[in-house]
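Hello,

Below is the structure, as promised. My notes on it follow.

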Amino acid sequence: MNIEDYKHRLVNDAQLCINDWQCSGDDDYLHKAAACLKAAAEADAEEILATFCKNPF
């Protein structure tokens, strides 16, 4: 799985958690969604940093 697939999977998981929260009202789903989105953002930041380090100005 490449980094883009990983990020898409995390965002999709977050969307599913939000849907579950809407149906159940259980706040644990919101916490899981936030964790998935945070992981996707961190993966994106790591990818950007790695690309910059390989190709500085």
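How far apart are the end C-alpha atoms of helix H2, and what span should its residues give? Helix H2 covers residues 27–54, and its 28 residues should span 40 Å at 1.5 Å a residue; the end C-alpha atoms are 41 Å apart, which agrees. The expected span is taken as 1.5 Å times one less than the number of residues. Helices here are DSSP runs (H or I, at least four residues), numbered from the N terminus.

Before the rest, a word on the source. This is a predicted model, in which local features need pLDDT of at least 70 and side-chain atom pairs count only at pLDDT 80 or more, while totals for chains, interfaces and linings use all residues. Residues are numbered from 1 along each chain as its sequence is written, and side-chain values use heavy atoms, with hydrogens and water left out.

Helix H2

At the start of H2, the backbone nitrogen of Asp28 has a side-chain oxygen of Asp26 within 2.9 Å. Further along, Ala33, Cys36, Ala40 and Ala43 are the buried residues of H2. Buried means under 20% relative accessible area, exposed over 50%, and partly exposed in between (1.4 Å probe, protein chains only). Helix H1 (3–24) is included in what covers these buried residues, where contact means heavy atoms within 4.5 Å.

Salt bridges

Side chains of opposite charge can pair when their charged atoms come close. A salt bridge is counted when a side-chain nitrogen of Lys or Arg is within 4 Å of a carboxyl oxygen of Asp or Glu. By this rule there are four salt bridges.

Which residues are linked in a network of salt bridges? They are Glu4, Lys7, Asp44 and Glu47.

- Glu4 and Lys7: the closest N and O atoms are 2.8 Å apart. Both residues lie in helix H1, and being three residues apart, they are separated by about one helical turn.
- Lys7 and Asp44: the N to O distance is 2.7 Å. This pair links distant parts of the chain, with Lys7 in helix H1 and Asp44 in helix H2, 37 residues apart.
- Lys7 and Glu47: the closest N and O atoms are 2.8 Å apart. Lys7 is in helix H1 and Glu47 in helix H2, so this pair ties together parts that are 40 residues apart in sequence.

As for accessibility, Lys7 counts as buried at 10%.

Regards

Terms used:
Helices (H or I, at least four residues) and strands (E, at least two) are DSSP runs, numbered from the N terminus. A polar contact is a pair of N or O atoms within 3.5 Å; within protein, one must be able to donate a hydrogen and the other to accept it, and residues adjacent in sequence count only if both atoms are side-chain atoms.
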